[in-house]
Structure formats: structure tokens, C-alpha cells
Amino acid sequence: MDEINYTLAGSWVAASLRSASPLMLVLLGETLTQRVGIVNLGVEGQMLAGACFGFGAAAVFHDPVLGLGVGALAGLVLSLLHGVLCIQLRVNQIASGLCVMMLGTGITSYVGRVFVGAEVSGLAPLAGQFASAQSFWQPLLTQLTWIAPLAVVLTLVAGVLLFRTRTGLHWRTVGESSTVAAALGLRPRLVQWQGLLTGGLLSGLAGAVLSIDYTQTWAQNMTKGLGLIAVGLVIVARWNPFLVLPVALLFGLADTSVLRLQAAAVNTSSYLLAAAPYVFCLGILVVTHLRADRDAHMPAGLKAVFNDR
Amino acid sequence: MSAAPRFSLQNINKRFGEVNANSNVNLDIYPNEVIALLGENGAGKSTLMKLLYGFYTPDAGEIVVEGEPLVAHSPKQSLRLGIGMLFQQFNLVPALSVLENLLLAFPAAPWWQWRRRRLTTDVLACLQRIAPDIDPQRLVRDLSVGEQQVVELAKIMALNAQLVILDEPTAVLTPQEVERLYQFVAQCRADGKVVVFITHKLADVRACATRIVVMRQGRIVGDWRTETVTDNELIQAMVGKDTGLIVNRIAPPKHLLPKLMVKRLNVSSRVGTITAMDFEVSPGEVLGIAGVMGNGQRALAMVLAGILVPDSGEVILDGVSINALAHETIKVPDNVAYIPESPLTNAVVAQLDLATNLQLRALDALPFLQWGMPALHEAQHKLAAHDVRPSDPHLSAGALSGGNLQKLVIARELSRPVQLVIACYPTMGLDLIATRNVYERLFAQAEQGACIIWFSEELDDLLRYAHRIMVLHGGRVQSIGPVASFDRQRIGRLMTGHAQAC
């Protein structure tokens, strides 16, 4: 009896981690981007590009790892466009981000038609068969691929990079004030490029993980606003990579619960249930916003997004 | 001076558009000097020192360091030459800790920033020496302005500066912090460093300088050893003509019937606390309020202005309770003039033009359509009358200098008859002439019978112009009485909470 409970718990954790991995990656990317003082609404488009082109490459070359790489690059290329517009040409970041998002949606809808119904092999689970069949670890090892551990490790690495290295110090400084950073001899634009491109790479990877590892299919607009959710959840995670993991897991848990509820044939519209994680997300946002020090963690440079510079 | 100059500025010229910021300036800086660079706002002091620091490039002239002329000067090169400069705007990142801010200044800081690396230890040692009471893990935004300045100084010292340039360092400090800064300058001199102290306050000059250089309109107009020159000579050199800088003190009021009454006031709010405060002010009386910043001044000013509702107690002006009004609408009453501290953030909207800023007190009385010429004419008239420069009503308020901004606020607040004037640090950061203008306008209101509540940190001015002085400490009235019963030392002791009896 206990063993079955453990297995059940394990499979919930595994499902949550699996479902949370794409969000974790894109949330981490957006966190790093906003830390250098740039808001990138284009992550939605970048994720879609990563999902579409990554899936295409994986299907054509029968190599999921290559697909992940191609997906990450697709995200990078779109973030490059955002950078040219808002770092080099000083276009308003909101406008530029929306433009990148629409571009990503449009291109993938067009290109992605040929990939509908294609098949990818997906990634191998961490362990094929586990000796002791009934334990907490069994579902974790058989249901998870190496993506989830990678995502977890990346958040930790990013946290250490941001808070314990000179590079991270420079990123945070630029995110607080480009003017002060320039006065201190840093090159703000270069630093912003670093943060933005890292974010682009991670959001592309997140999209590819979604299509290649998680759903193993391509569908038009399959990210369903996950990129934009990430932009909102950055606030909940207080621009802190170490908080990305718990925040993404909360959302993953909500997402999994909906699937379980559907599987249990709850007598509610599936559309309503599908909206539940977003309502949940909104709830967290309100709760965190009620805190007294809600603005204390926000990089001051982000306020400049709404000013003429 | 027998030794060769360590730093030498030769025939320096610098123009900004139409303005000659520096013309043909020659200045030699010798070892072991503390030079006070004295002058009014806009005299070209900061420009000259920013040229020396490499922040600007001179249009003509040469900068010579230890006999070597500099080519392609830059702040980076200054770092190598041991020139450090404390700017008026600090280059600190508020959201980062003190230690992180110090480490940022070092291009060669370790990439992996765990504690206990050599540089980190050096930097910490340097901070420890200047300010043992500042915890390096605190965030800079939680520090007071004075503490932030100390962090900047630690940064300069950690970079091993031999020439330390301080740009108006005392403008933002409390009296205690000023003392600490003087000690710092003395310490620098003892360590064999050279200090250039840019200021327009004579007190600074007397406290630390060995040599005084006065600038006016981009030129050096005087150069003395400190002990060989009188204050009057300095003022005359700074101002140029023999203008009387002392405003006449207006006669104390004859009727002692109170016009403003503050009874059992208690406030506990975000901006400060006030406990059991009682005082009265007669018409035509100037009540000067002294105290270390953050001892309830802000809360008192806001309650008197009717924009903060007290927890209990009453403020009565001319028989009308101000705080009863405040319960209905949070608004400064029409017969009260309120000149808050830091006018740029508290009194004007920087992005709006001067004409609109002049009308801000009567927003709900404005016509729906905004194309009337009368408002513009009125604005032009007020700007001219108060000598706001430039007097273009279409200019945005953010473009004005500190002195002119204060004139703009005064033009708005004091152009109509008022019963009460609340002036919070109205001359902070202003030069002598601008200060005199502010005082003239302020005291003219008292002559017409208004009560003046005047918060200030310029103790000498308080003693010179106020009729009565009230010292605040910890949100309470530490002492209140006629000006004759106070002197600098007594106020200083009262401000820090000591010596109630004497």
C-alpha cells in the first residue's frame, strides 16, 4: 500500500517536472533578459520558432538532440531581431517585442503546415526499466528524460552566475542603470546583448523541448501563451533564477492536475479546466503583488521601458 | 612654494555652445595642499575639475601631471595617474550592496566573487578605515545620503587616489556628516594627498583649506593662502560687485496674538512621527526650525500644509482648523504657501512647461480648453517679476537650474496674499545671490503679516533672520524660544538630543 502511494507521488512529481520544464527554461531566459533591463515580449514568438523549427529538424533528420539545438538557434535568431530594434535602434521595447511575437507566430504557422502529423522519436527516458518496480524513484527515472534535470541545473547555474560572478554583477548593474554602468566603464549595450541572446537561446530551447520532448507533435500556436505567462511569472519569481524552479513547478503542478482531473472525467468543460492554470497564475501574481516590498526586487532599468530615452 | 607643481592646468579654454565655461585658466596644484575652489553656481569650477579628471576635453590648453603633458586624457587615465573625483551625482547602484558597488569600480575584480579573495579583503579594509560603522552587505538604497557619499569616498581611496577632487560635497550632508567629511579631508592631507574642494560655502573653506582659489564667470579671479584673506574679500571676489548679500532682518511682530496654533499634535506616519507638539506663531513672525533631518520635520511640514492628516491634535490658522479641512480633501489650503524640500521632485512636474507649473495650485479652476492667452501673459509676467531665467513659459520645468526652479516655486506660491508660508530648506544647494533672493521674497511675506515656518540647516542664517527658533528632536519640541537665547553650540547640542536644561 505504502509502495503504491510512493509510486503515485513519484509519478505526480515526474509529471509536474515534465510539464514545467519548458516553462522553467523560458522563464529563466526572460529573467536573465529582464535583469539586463530589457523586456522581451517576443519570447512567445521565439518559443514557437524553437518549437516549429526544432521539431522540423528532429523529424527530417531523425535526431531529437539536433532538433533541440536548431530550436534554440531559432529562438536566438528572433531575439537578435529584438536586439537590433530595441538595443541598437532604441525602438520601444514593447512594440519591438510584440512585433517579434507576431513574426514568430506568422512564420511558424506558414512553415509548420508541412510538419503537422510528422513524427519524432523523442528522447530516451533516464532509465528504461527499473529493478525495484514500485518506488518513488521508479516513475521519475522512467518518465523523465534528461531535459528536466538539465533545466533544474541551468536555473542553479544561472543563479550562481548572476549573484556570484563579475559577469553577473555587470548584468545586474546594467539592469539597474545604463547611465551609471557606462560611467563605471562598462559597455551597457554589449551586456544587454549578452542577456538578451541568452534569453533567446533559452526560449528557443524551451519551445523545442515542448514539441520534441513533451508533446512530440507540432501544432499551430502550440505554446498557448506560455511565453507571455513567463513574462508575468518573472515578477512572481522576483527576477531571481533561484526562484524560477519553485514558481515553474507550481504552474506545472496546476497544469498536471488539470490533466489528471480530465482523465478522471470530471463533469466540467475541458476548456474551463484548461484555463485553470492561468487563473491560478493570475492569483499568485495578485498575492505576490500585495506584499509591501513588491517593487524592491525589480531592476530599476525596466522602468525606463516606458520612458523616452 | 618651492616644489614643482604636481598638477598644472595651463591656459585652459572650454566652451559649451554659447557659454564660455573656462577661459584662459591657469592653476598649479602643489603637493600637500587642500585647495578650496570657490565660486557661485555656474562659475566654471566643476567644469575645470572635470577637465582635469578627463571627463571633458579642453578646447585649448594643456594639462601637465608631474611635468608630463597629457595627451588623450580620459577618466581611465586619471585612474592610473591617481586622480579621483567625487561627483555630485553618485555613481552607485542603489539595488546592490556596498561591497558589490565597491567591487564594480575595479576592472580587475575577480570573476568568481566569493568573499575572502585578496581584492575583496583590500576593499573591505579600505571601507573599514573610512567608515567602520557601515556594513558592507547592506544595500546602498538603505543608506543615508551621507553614508552613500562615504561609500563613494571609499571607492576613490581604494583606487589609491593621490589627488582627490570633491565636487560640492557638503551640499547634501547633515552637520555631523559635514564634520566627518572635514576629518576625512584632514586625514587625506596627513597622508600626503592633495585635495581640491569645490564649494560655495565659506564655512567649508575655513574648516579645511590651505589655499583658496575663487572663480567667477569661467576665470580665476583670486588666489590666496587661507589665513591671508577675509570673508568679505572672498564674497566680493565671488560675486564681483559689492552687492549687499545680507538681507535686512525684519522687525519682530508687535501683536503677539497667535495666528497659527498647533495643539497637542500627534502624527505617526511613513514620513515621520510627531509627539505631543504645541506651539503658536504670531502674524509677521518668522519661526525657524532646526533639527537633524528625519526628526519629524517632513511630517510637521505636511500636516501644516494640510496634506497629511494627524492622528490627533489640531492645527488652527486664522480660526480655521486646517486638519478638519484635510479630512475632507487632501489639498493645500488657498491661504497657505507650501515650498517643499527638493522642488524638482516635490513641487513641480518636470516634464510640464513653466506656464502650466505656475498654475498647478489652481488645477480645478482651470478652463476646460487650454488655449487661452491670459494664462500665458500672466505666466510671462510672474516669470519676469521673479527673475526666473530663462523666462520662456514654454520651457519644461526640468530644464531649470536649482536656483531658478526655487524661484519658479516661489513665484507660484508667493504671488498671492497668504496667511502662512511653509518653507522647507528653501536655499539648499543655492549660491549666495540666489539665497539672498529667496530670503527677500520669504521675509517680504512676513512683513505683510503672514506666519513663516522656516525649516533650515543653515544655523547661521536661522540665528540671523528668525525671530524665534524651535529645535526638533525625535518628533518632539526639544526647545523653543526667542532667537537671542540661542547660539550655534546650544542648537547643535539640542539637535542631538542633549542638554535640555542649559
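Which residue of chain B forms a salt bridge with R172(A)? In this predicted model, the partner is E100(B), and the closest N and O atoms of the two lie 2.8 Å apart. The rule finds 1 salt bridge across the interface of chain A and chain B. The count of residue pairs in polar contact between the two chains, with both residues at pLDDT 80 or more, is likewise given as 1.

Helices α6 (147-164), α7 (166-176) and α8 (178-183) of chain A each contribute at least two residues to the side that touches chain B. Of the elements involved, α7(A) gives the most, with 7 residues.

As for extent, 16 residues of chain A and 17 residues of chain B take part in the contact. The area buried between the chains is about 1600 Å², and carbon and sulfur atoms give 62% of that area. In chain A, the residues that lose the most area to chain B are R164(A), R166(A) and L169(A), which together account for 37% of what that side buries.

I turn now to a strand of chain B. Strand β13 (residues 286-290) of chain B is largely enclosed by the rest of the structure, because 5 of its 5 residues are buried. V286(B), G288(B) and A290(B) point one way from β13(B), whereas L287(B) and I289(B) point the other way. β13(B) pairs in the parallel sense with β18 (residues 451-455) of chain B over 4 bridges, and L287(B) has I453(B) as its bridge partner there. β13(B) also runs parallel to β19 (residues 468-473) of chain B, joined by 4 bridges; in β19(B), the bridge partner of L287(B) is R468(B).

Notes:
Residues numbered from 1 in each chain as written. Chains lettered and ligands numbered in written order. Predicted model: local features only at pLDDT ≥ 70, side-chain atom pairs only at ≥ 80, totals over all residues. Heavy atoms only, no water. Contact = heavy atoms within 4.5 Å. Buried area = accessible area lost by both parts, 1.4 Å probe. Salt bridge = Lys/Arg side-chain N within 4 Å of Asp/Glu carboxyl O. Polar contact = N/O pair within 3.5 Å; in protein donor to acceptor, adjacent residues only side chain to side chain. Buried < 20%, exposed > 50% of the residue type's maximum accessible area, 1.4 Å probe, protein only. Pairing = 2+ DSSP bridges.
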